[in-house]
Amino acid sequence: MLNLERLRTLDAVARHGSVSGAADGLHVTTSAVSQQLSKLEREVGQQLLAKHGRGVRLTDAGLLLAEHAARILSQVQMAQADIEAQRGQVVGEVRAAAFPTAARGLFPAALAALREGHPELRVRTTELEPEHGVRAVLRGDADLALVLDWSNKRAPVPGGLERAHLLDDTADVALPAGHRLAGRETVDLEDFADEEWVSWPEGEFCHDWLMFTLRSQGIEPRIGHLAGEHHTQLALVAAGLGVCVTPRLGRSVPDGVVFVPVRQKVRRHIYATWRADAGRRPSVRAVVAALRAAAEPLGS
């Protein structure tokens, strides 16, 4: 009989594309992954991995068994969800990921409420940018992730996932305190056509959104600095090195920075997303409910 944990290891190699990636995803050593795969090869009597350059690839037999492993593990997850739902108790562990401002703005209140209301539930959290959070949920490395899109640039929901809207979060333009527009009640993005911008790193959804939004207003963006953390972006603005768009959720207010609303409001939509086969778990539903409660007073 095939060993479930060894199938889980093979599935992790297939999803992550390498032994080291599987080890990181499973929180074990690379030697532990190799040992599990060697035992699995002896069980099935076929080679499952082959050397490929400096790494490895799955053989035809490995690919075939990995497809079965993914289906078996999905069925196991569904069985666990059904048992938990039938028992109706909020217990066990939920692994939740969120991008930094959502982690800062929503996790503390939600997790405190869950600890008080469901003491037998353990929620483990980590910070991941939205696209990485979605991939973690799809891979099974997270049970739930907080993700976002923008009012003028929506993000598709991958197959097999469900999501719940948590809040709409308004964004303002952050300016140096001495900026010529710092005293305005509202601004238009066109007012900054000649300004240098501080943006998110290239390739991130929010960077692509900023490029799309500015260009749709007839502005060819002048990107002076790239920074993934809002704290870093605002520090650059405070030093007079540019302007940036800053959402309100989880926002710090450093000295030397002024926030001015955009006349035509700029909003991002924040969601919780999870695998459809986990939606019956009372623990997942409890976490979503706590996040909704934490978000309710924050919508703008």
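Contact here means heavy atoms within 4.5 Å. With that in hand, welcome to a set of close-ups of a predicted model.

**View 1. The chain is divided into three parts: domain 1, domain 2 and domain 3.** Domain 1 covers residues 4-75. If you like to get your bearings by distance, the C-alpha centres of domain 1 and domain 2 are 28 Å apart.

**View 2. Domain 1 meets domain 2 through five residues on each side.** Together the two domains bury about 350 Å², and carbon and sulfur atoms account for 37% of that area. Look for Arg15, His16 and Ser74: this trio supplies 76% of what domain 1 buries against domain 2, more than any other three residues.

View 3. On the side of domain 1 that touches domain 2, four residues are polar and one is charged, with no nonpolar residue among them.

**View 4. Residues 2-59 carry the UniProt feature "domain: HTH lysR-type", taken from an unreviewed entry.** In the model, this stretch is 62% helix and 14% strand. Its end C-alpha atoms lie 18 Å from each other.

**View 5. Helix α1 (residues 4-16) holds both arginine 8 and glutamate 5.** These residues form a salt bridge, and their closest N and O atoms are 3.4 Å apart. They sit three residues from each other, about one turn of the helix. Zooming back out, the structure holds 18 salt bridges.

How values were computed. Residues are numbered from 1 along each chain as its sequence is written. This is a predicted model: local features need pLDDT of at least 70, side-chain atom pairs count only at pLDDT 80 or more; totals for chains, interfaces and linings use all residues. Side-chain values use heavy atoms; hydrogens and water are left out. Domain bounds come from an automatic or database domain assignment. Buried area is the accessible area (1.4 Å probe) that two parts lose on being put together, summed over both. Ala, Val, Leu, Ile, Met, Phe, Trp, Tyr, Cys and Pro count as nonpolar, Asp, Glu, Lys and Arg as charged, and the others, Gly among them, as polar. UniProt positions are given in the numbering used here, feature names are shortened, and annotations may be inferred rather than shown by experiment. Helices (H or I, at least four residues) and strands (E, at least two) are DSSP runs, numbered from the N terminus. A salt bridge is a side-chain nitrogen of Lys or Arg within 4 Å of a carboxyl oxygen of Asp or Glu.
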